[in-house]
Protein chains: 2
Amino acid sequence: MNERAPLRGLSPRSLVHRELATSDRFRTVSEIHRSLAGQRRRPSLSTVYRTLTALAGSGLAETVHLPASGIAYRLRPGQGRGPYLVCMRCGAATAVPLADLAPWFRTVAEQQGFTGVEARVELWGRCGSCRNTVNENGSHS
Amino acid sequence: MNERAPLRGLSPRSLVHRELATSDRFRTVSEIHRSLAGQRRRPSLSTVYRTLTALAGSGLAETVHLPASGIAYRLRPGQGRGPYLVCMRCGAATAVPLADLAPWFRTVAEQQGFTGVEARVELWGRCGSCRNTVNENGSHS
DNA sequence: ACAGTAGTGATAACCATTATCAATTTCAAC
DNA sequence: GTTGAAATTGATAATGGTTATCACTACTGT
């Protein structure tokens, strides 16, 4: 997991990391992979998966589940770790002040006799920029 | 979609519906399919998928996304259509009084310039009955 | 009976993800 | 600068859940 920088360019894993850092949108594995086409050492799909999984596992990246299917990733920005409002079309995300609700979720859950509670809040919609756009089936390009 | 009852027993689709009605737990497609083994006319996996998809599409059934992967179904009980607190192990579910939050979600979202907002709230934990159970990897049996 | 339609099941196709493993690259020691 | 162990990578296969296909069967109305 240490970031080595090969002499003749960034390592594939670094490329993934860097690509992920170019935007604060949520993006899928294949999007990232596609974005890296043409790079000097274009990472394989395997590496993209590995990197994103690792980043998410370590907490450096966060994920949302797409309404259709699949997972989208992005680097966790600063401290705000709350749920996000994600644009279904372009992946743009804005933080939603739900942090206060987390303890409440837990309370509710434990009142019902549940333990080890984990909440997932996902808000999907169409952002302002995409609102006026043709209603194409969002391709998260 | 009309419920025909063949002379020599319930139609496969009805069996799926009836099986789904035997419990208010959330259950996966393969669970339902497995539960129907041994029936006179055991529905195929195809039919189970078809039936559950149709039920969910028509609003008669509701779904949750399992933390790991896959979707679980159950017939929508009465009016309560809010989010549920689902036991990660046995699929037991209890309603959570989040209905009041729905409009708030929408307000927050629209303040951010989003439209057509859809919220997904999912709470997972381990219910009282399963709490004392061995920590096996939940198999939703 | 008969024809038309809907329902069904077996199978193949899909898609995203994970696992495998040989080949490459990197790093540290010599 | 060689050398070799260890980590990284990429091509590919495997997996798991879901959807599509299509021939066959069962039901309905006539």
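In this predicted model, helix 1 of chain B passes helix 3 of chain B in a right-handed crossing. The residues that make this contact are Pro12(B), Arg13(B), Val16(B) and His17(B) on the side of helix 1 of chain B, and Thr47(B), Val48(B), Thr51(B) and Leu52(B) on the side of helix 3 of chain B. Sorted by class, the contact of these two helices of chain B has four nonpolar, three polar and one charged residues.

Two packed helices are described by the angle between their axes and the distance between the axes. For helix 1 of chain B, which covers residues 12-21, and helix 3 of chain B, the axes come within 9 Å and cross at roughly 60°. Angles under 35 degrees count as roughly parallel and those from 65 to 115 as roughly perpendicular, and helix 1 of chain B and helix 3 of chain B are therefore oblique to each other.

Helix 3 of chain B, residues 45-58, lies across strand 2 and strand 3 of chain B, and runs at about 105° to strand 2 of chain B. These strands belong to an open sheet of three strands in chain B, arranged in the order 1-3-2 with antiparallel pairing. At the edges of this sheet are strand 1 (27-28) and strand 2 (61-65) of chain B, each of which pairs on one side only. Strands of a sheet pair through backbone hydrogen bonds, either parallel or antiparallel. In chain B, five bridges join strand 2 to strand 3, residues 71-75, and the two strands run antiparallel. To follow this pairing in the structure, the reader can look for Glu62(B), which stands opposite Arg74(B) in strand 3 of chain B.

Helix 1 of chain A passes helix 3 of chain A in a right-handed crossing. Here the contact is made by Pro12(A), Arg13(A), Val16(A) and His17(A) of helix 1 of chain A, together with Thr47(A), Val48(A), Thr51(A) and Leu52(A) of helix 3 of chain A. By class, this contact in chain A has four nonpolar, three polar and one charged residues.

Helix 3 of chain A, residues 45-58, lies across strand 2 and strand 3 of chain A, at about 105° to strand 2 of chain A. The sheet of chain A is open, with three strands in the order 1-3-2 and antiparallel pairing. Strand 1 (27-28) and strand 2 of chain A stand at the edges with a single partner strand each, so one side of each is left without a neighbour in the sheet. Strand 2 (residues 61-65) and strand 3 (residues 71-75) of chain A pair in the antiparallel sense over five bridges. Among the residues that pair, Ala61(A) has Leu75(A) in strand 3 of chain A as its bridge partner, while Glu62(A) has Arg74(A). The hairpin formed by strand 2 and strand 3 of chain A has five residues between the strands, and in this hairpin Gly70(A) takes a positive phi near 95°.

A last point concerns the confidence of the prediction. The mean pLDDT of chain A is 80, and 82% of its residues reach 70 or more. Over residues 1-7 of chain A, however, the pLDDT is below 50, and this stretch has seven contacts in the model beyond near neighbours in sequence.

Terms used: Residues numbered from 1 in each chain as written. Chains lettered and ligands numbered in written order. Predicted model: local features only at pLDDT ≥ 70, side-chain atom pairs only at ≥ 80, totals over all residues. Pairing = 2+ DSSP bridges. Helix = DSSP H or I, 4+ residues; strand = E, 2+ residues; numbered from the N terminus. Contact = placed C-beta atoms within 7 Å. Axes fitted to C-alpha atoms, helices over the stretch in contact; angles between N-to-C directions. Parallel < 35°, antiparallel > 145°, perpendicular 65-115°, else oblique. Left-handed = near helix turned anticlockwise from the far one by under 90°. Nonpolar A, V, L, I, M, F, W, Y, C, P; charged D, E, K, R; others polar. pLDDT = per-residue confidence, 0-100.
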